[in-house]
Amino acid sequence: MPRTVYRRPGERVFCFLLVVFSVYLFWQAYGISGFSELSSPGAFPLATSATMVIAACVVFVNTLKLPEAEGVRFFYHCFPPIVGIVMALILIFAIMLESLGFILSSFFFLFVGIQFLYQKSVLTTLTITVLSLVVVYIIFRLVFQVVLPEGIVPEREILAAIEQFWRG
């Protein structure tokens with residue numbers, strides 16, 4: 001017996017915004033180099049974004065056909081407070097990143113986020129935070145050599161001192 005699928009609150013608006021965003025990406029991809037030939041630099045982004053536009057339009061049209069769900073509230077079922085809190089943490093992290101730098105802003109973001117979501121002892125949260133930050137830093141900064149915002153921690157001097165120590 002087929003199950004009836006219902007449209008949740010906010011789904012129409014989300015799908016419409018997905019179409020708008022897809023069209024914007026298509027426009028940006030076209031701006032790379034137009035579409036002069038299949039091997040042009042913009043060909044792959046153009047094809048990818050065109051696929052996204054088509055898929056978003058199909059999803060939007062199908063969503064419009066669905067009956068509305070009964071007894072479903074947007075802020076309770078689709079956007080609970082925990083999602084808003086995590087989004088606020090991400091926004092604060094993004095604001096702090098440039099001034100405090102990657103290490104401190106990531107430390108505060110991870111510590112507060114893990115403590116809020118995991119709700120274990122402060123020592124457990126501190127251990128998880130420090131280990132996660134060390135692993136991420138080693139992978140991105142040292143292995144892949146991604147330049148991360150330095151902020152108030154004199155990262156270059158610390159790395160130079162560590163390198164000098166290992167060289168002798």
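This is a predicted model: local features need pLDDT of at least 70, side-chain atom pairs count only at pLDDT 80 or more; totals for chains, interfaces and linings use all residues.
View 1. Q119 is found in the loop between α5 and α6, just after α5, and takes a positive phi of about 55 degrees although Q119 is not a glycine. With a relative accessibility of 60%, Q119 counts as exposed. As background to this view, most residues other than glycine have a negative phi.

**View 2. Helix α5 and its buried residues.** Helix α5 runs over residues 102-118, has 17 residues, and reaches 23 Å from its first C-alpha to its last, which is close to the 24 Å expected at 1.5 Å a residue. The buried residues of this helix are F102, S105, S106, G113 and I114. Because these residues cover an arc of only 145 degrees around the axis, they lie on the same side of α5. What covers the buried residues of α5 includes α4, which spans residues 81-100, and α6.

View 3. F93 is found in helix α4. When its neighbours within four places in sequence are left aside, F93 is in contact with S105, S106 and F109; S105 and S106 are among the buried residues of α5. Helix α4 is in turn part of what covers the buried residues of α5. F93 and I158 are 65 residues apart in sequence, and their C-alpha atoms are 23 Å apart in space.

**View 4. The salt bridge between E155 and R141.** E155 forms a salt bridge with R141, and the closest N and O atoms of the pair are 2.6 Å apart. The pair links distant parts of the chain, with E155 in helix α7 (residues 155-167) and R141 in helix α6 (residues 122-143), 14 residues apart. E155 counts as buried because its relative accessibility is 4%, and R141 is likewise buried, with a relative accessible area of 18%. This bridge belongs to a structure in which the count comes to 4 salt bridges.

**View 5. The salt bridge between E150 and R156.** The side chains of E150 and R156 meet in a salt bridge, at 2.7 Å from N to O. E150 counts as partly exposed, at 22% relative accessibility, whereas R156 is exposed, with a relative accessible area of 57%.

**View 6. The salt bridge between R167 and E163 in helix α7.** The side chains of R167 and E163 meet in a salt bridge, at 2.6 Å from N to O. Because the two residues are 4 residues apart in helix α7, R167 and E163 are separated by about one helical turn. In an α-helix, which has 3.6 residues a turn, residues three or four places apart point the same way. R167 is exposed, with a relative accessible area of 66%, and E163 is partly exposed, with a relative accessible area of 40%.

View 7. A search of the whole structure finds 0 disulfides. C15 is in no disulfide, and the nearest cysteine sulfur, that of C57, is 11 Å away. The sulfur of C57 has its closest cysteine sulfur in C15, and because the two are 11 Å apart they are too far for a bond; a disulfide would need the pair of sulfur atoms within 2.5 Å. C15 is buried, with a relative accessible area of 4%, while C57 is partly exposed, with a relative accessible area of 33%.

**View 8. The two assigned domains.** The domain assignment of the protein gives domain 1 as residues 11-74 and domain 2 as residues 80-167. The centres of domain 1 and domain 2, taken over C-alpha atoms, are separated by 34 Å.

Technical notes. Residues are numbered from 1 along each chain as its sequence is written. Side-chain values use heavy atoms; hydrogens and water are left out. Buried means under 20% relative accessible area, exposed over 50%, partly exposed in between (1.4 Å probe, protein chains only). Domain bounds come from an automatic or database domain assignment. The expected span of a helix is 1.5 Å times one less than its number of residues. The arc is that of the directions from the helix axis to the C-beta atoms. Contact means heavy atoms within 4.5 Å.
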